[in-house]
Structures are given as C-alpha cells and as structure tokens.
Amino acid sequence: MPVHTSESSQGNRGRGFGLGLALASAVAFGGSGVAAKPLIEAGLDPLHVVWLRVAGAALVMLPLAVRHRGLVRRRPALLAGFGLLAVTGIQAFYFASISRIPVGVALLVEYLAPALVLGWVRFVQGRPVTRAAALGVVLAVGGLACVVEVWSGLSFDVLGLLLALGAACCQVGYFVLSDQGSDAGAGAPDPLGVIAYGLLVGALVLTVVARPWGMDWSVLGGTAEMDGTAVAAYLLLSWIVLIATVIAYVTGVQAVRRLSPQVAGVVACLEAVIATVLAWVLLGEHLSAPQIIGGAVVLCGAFIAQSSAPAKASQTPVVGGTGDAERELLARGSGV
C-alpha cells in the first residue's frame, strides 16, 4: 500500500503540472489574435503576420535546432509532419477558411479537434479513452459554440467549411505528433528539438506561400492602435513571437506528453475563451451573456476531462510486484 500511495501522489502531481502547462499554452496561444489584429489594422497582410510569427520563433529556437540536429537523421518524418501540420497547416487552413466563412464558425469547426483526437486514439490507435474526456469534449464544443456565437453569422460555404475542417485535422496532428515517443523513456525525441525543427520547416513553407519580400516593413517601425492606445509595433510582434508561439508551443507539447492528446485537446478549447476575454479587456470587444455562459461551460468541460484522466505512467520503475498488479488493475478500469 505505501507503494501505491506514493505512486498515486506522484501521478496527481504530474497531472497537476501537466494541466498547468496546458493552461499556460492556452493563454499563450489565445493572446496571438489580440496582438496580431492591431498589426493587421496598421497595414500588414494577415499572411505576412503569420510568416513573421513563425519565422521569428524559428530564429529564436535555432540554437536548440543545432543542439538537437541528430533528430534530422533519426526522426525526419516526425519533424516534417510537425512542421507541415502543427505549424503550417493550422495557420494556412484557418486563414483560408475565414476568408470564406465567419470567424466564429471557422473557430468552432477547428476546435472539433478534441473530438477527432478521441476518435483517433480510440479507433486508430486502439487505446481506451475515459468517459470524463468524452463528456468534456461534448461540453467544451457546446460551450465554444456559445463563445463564438456561431448563430450570429452562420453561412453555408462548402469550401470554407472544408478548409476549417482541414485546420481541425491539422490540430489533431499537433496533439498526436506532440505525444510521439513520449513512452520511449530516454529514447524519446526531445520536445524542444521537435518544436525547433517544426518551426524551421513551417518558416520555409510559409516563405514560399507568403512571399515576405513584398511586405510593408515600415509598419514594424511605427505604432499600432490597441483600443485607442498606441503600442509600438515591435512590442506586439515580440509578444506574438515569444509568447504566442515559442512559449505556447513549448508548454503545449510538454502538456500533451504529461497528460494525453485527448485531455490536452479539451483543455486547449480554453484558447477560444481566453482569446475572447483578452479581446474584451485589451481591444474593447465586449462579451455578451451567451459568451460568458459558454466560457463557463468550456471551463467545466475542461475540468471534467482532466479530473478523472490518468496521468502518464512514470518512466521510473517501481520496486514491488503488488504495485505492478495494482497499476494494471487501475489501467484496466480507467477507460471505456
């Protein structure tokens, strides 16, 4: 019993830390739009803002890419997949979708990703998922529909919806690829190296797509308006690069490895809530009653999903046969 108590305590601490990382990632990602919108209104093309975001983050992470250069030989498919799906794909599909359908609808479709992650884990990987995670997805998606007020601008555009669904599928790739090798112990690919090379791949692809040589670089030397307050453009860009990209990806990938793709995916739905609240506080975009209620529902969904989820198994072996037996019984009883 002492072994079981110690293991349970370690699992709770690991899950709590993982939840903290997931929340930090949601906050960091959620702040990207608040910083990007003033730059776009100041004259930058949205696609150029995306390129600045990814290229700047790739430059910051370049020393880590050099340090983990062995990953290029050992895990080339993982690095390419992370760069194409988790970095480039999400951005490209999302911006393409909002050019055809309302932002709220595109955001809701993109955040169907947690439900798609559950399907991937259950039917493709053949692993059990908790009832709490499934219930959390249902609540989170329903609450998200209220947050983005999907009913206010609903229009049926097949191509736009397909593009938004493409962003959701790329987000599934982000969660699944973030978890790759997490159970390999010392042989697991370093998450910082994966992120660094993923950003490099994304920057190269976006350079071809965005063609930044045509960008109005003078905007970055001026100021942008944030709810009537002039803010230096370089400060907003620094926020997007360092917080909304580097910190967001680092904490997000670490969270997936400590929780699980399905649970981290549900917690990530908080990004839309955080983005809405930050827009309220910093940009003066007021919240309606349905948005406030929807945000509360998303919070409940995220809490329910993570509260009953088993933490990732520790890589440190525990001495004692009874502890192994107890862990196996617990594992069997944790899924549906």
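This is a predicted model: local features need pLDDT of at least 70, side-chain atom pairs count only at pLDDT 80 or more; totals for chains, interfaces and linings use all residues.
Buried positions in helix 8 are A132, A133, G136, V137, A140, V141, G143, L144, A145 and V147. An α-helix has 3.6 residues a turn, so residues three or four places apart point the same way. Helix 8 is followed by E149, which has a positive phi near 50°.

The largest nonpolar core contains 94 residues, and the most contacts inside this core are made by L44, F82, Y174, L199 and Y249. Helix 11 (residues 233-258) gives the most to the core, contributing eleven residues. In soluble globular proteins, nonpolar side chains tend to be buried together. When residues up to four places away in sequence are not counted, L44 touches L39, V49, L52, M215, D216, V219 and L220.

Q171 is found in helix 9 (residues 158-178). Its relative accessibility is 7%, and because buried means under 20%, Q171 counts as buried. Beyond residues up to four places away in sequence, the contacts of Q171 are with I90, E110, Y111 and A113.

The second largest pocket holds about 1200 Å³ of space. This pocket is lined by 49 residues, of which S32, G33, Y94, L107 and A275 are the closest to its centre. By class, the lining of the second largest pocket consists of 33 nonpolar, eleven polar and five charged residues.

Terms used: Residues are numbered from 1 along each chain as its sequence is written. Side-chain values use heavy atoms; hydrogens and water are left out. A nonpolar core is a set of buried Ala, Val, Leu, Ile, Met, Phe, Trp, Tyr and Cys residues joined through side-chain atoms within 4.5 Å. Buried means under 20% relative accessible area, exposed over 50%, partly exposed in between (1.4 Å probe, protein chains only). Helices (H or I, at least four residues) and strands (E, at least two) are DSSP runs, numbered from the N terminus. Contact means heavy atoms within 4.5 Å. On a 1 Å grid over the protein atoms alone, a cavity is a set of points where a 1.4 Å probe fits but cannot get out, and a pocket is an open set with protein on both sides within 12 Å along at least five of seven lines; lining residues have an atom within 4 Å of a point. Grid points are joined across faces, edges and corners, and a volume is the space filled by probe spheres set on the points. Ala, Val, Leu, Ile, Met, Phe, Trp, Tyr, Cys and Pro count as nonpolar, Asp, Glu, Lys and Arg as charged, and the others, Gly among them, as polar.
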